[in-house]
Amino acid sequence: MRAAVLAAVSTVSLSVLTAAPAQAAEYSSALKIRGVQYDAPGTDRNSCTSGNTAQEYLTLKNYSKTATINLKGYVVKDAAGNRFTFTASHSLQPGDYVRLRGGNGTDSDAKNVVYRDNCNFMWNNDKDTIYLYKPSGPGSDSHAYSRSAHDGDRDGYIGFHS
């Protein structure tokens with residue numbers, strides 16, 4: 001009887017362990033999406049001179065305690081395939097971050113900002129998925145969001161990793 005109970009428990013335990021969804025695995029990369037201001041304050045205006053696309057941004061953070069990460073070659077995409085590739089070297093020290101902003105401006109490591117040089121909005125205001133890829137191609141981080149499920153205070157900002 002005891003052997004039968006142990007066998008049943010082992011079978012149940014094994015089936016519970018194997019039923020975990022594959023998407024629950026965390027990427028091992030130290031560079032992660034910290035948060036997104038997906039809905040710029042005010043009325044959305046796609047204009048380089050009078051628009052507010054620079055108020056929409058994605059924050060990437062180096063969560064490593066020891067390694068510096070160069071962003072050159074990293075790719076950010078959304079669900080529709082809109083993409084931005086970091087073409088210049090931007091070094092993030094351990095714990096440092098950068099904001100990838102829409103619109104035009106002067107990139108600055110000192111001010112932790114890179115501009116997409118595109119005056120169109122990248123992130124949807126209702127829902128979207130953000131993908132971050134390493135220069136070598138594999139995923140570094142990704143997050144799906146929706147206004148209704150993830151932005152409780154409705155301020156247009158969602159944080160992901162603390």
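A: What follows goes through the strands and then turns to the aromatic rings. The model is a predicted one, and the description below should be read with that in mind.

We can begin with an open sheet of four strands, whose order is β5-β4-β9-β10 and whose pairing is antiparallel. The edges of this sheet are held by β5, residues 83-85, and β10, residues 139-146, and because each of them has a single partner strand, one side of each is left without a neighbour in the sheet. On average, and with direction ignored, neighbouring strands of this sheet are turned by 10° against each other. Within the sheet, β4, which covers residues 75-78, pairs with β9, which covers residues 127-133, through four bridges in the antiparallel sense; V76, for example, has L132 in β9 as its bridge partner.

Another set of pairings involves β7. Strand β2, residues 57-62, and strand β7, residues 97-101, run antiparallel and are joined by five bridges, and here T59 has R99 in β7 as its bridge partner. Strand β7 is also joined to β8, residues 113-115, by three bridges, but these two strands run parallel, with R99 standing opposite V113 in β8.

A pair of aromatic rings is described by the distance of the centres and the angle of the planes. With pairs counted when the ring centres lie within 6.5 Å, the count comes to four aromatic pairs. One of them is formed by Y38 and Y145, whose ring centres are 4.9 Å apart and whose planes stand at 40°, so the pair is tilted. This pair links distant parts of the chain, since Y38 lies in the loop between β1 (31-37) and β2 whereas Y145 lies in strand β10, 107 residues apart. Y38 counts as buried at 0% relative accessibility, and Y145 is buried as well, with a relative accessible area of 3%.

Y57 and Y157 form another tilted pair, with ring centres 6.4 Å apart and planes at 40°. Because Y57 lies in strand β2 and Y157 in strand β11, residues 157-159, this pair ties together parts that are 100 residues apart in sequence. Y57 is buried, with a relative accessible area of 12%, whereas Y157 counts as partly exposed at 26% relative accessibility.

Terms used
Residues numbered from 1 in each chain as written. Predicted model: local features only at pLDDT ≥ 70, side-chain atom pairs only at ≥ 80, totals over all residues. Heavy atoms only, no water. Pairing = 2+ DSSP bridges. Axes fitted to C-alpha atoms, helices over the stretch in contact; angles between N-to-C directions. Phe/Tyr/Trp six-rings, centres within 6.5 Å; stacked < 30°, edge-to-face > 60°. Buried < 20%, exposed > 50% of the residue type's maximum accessible area, 1.4 Å probe, protein only.
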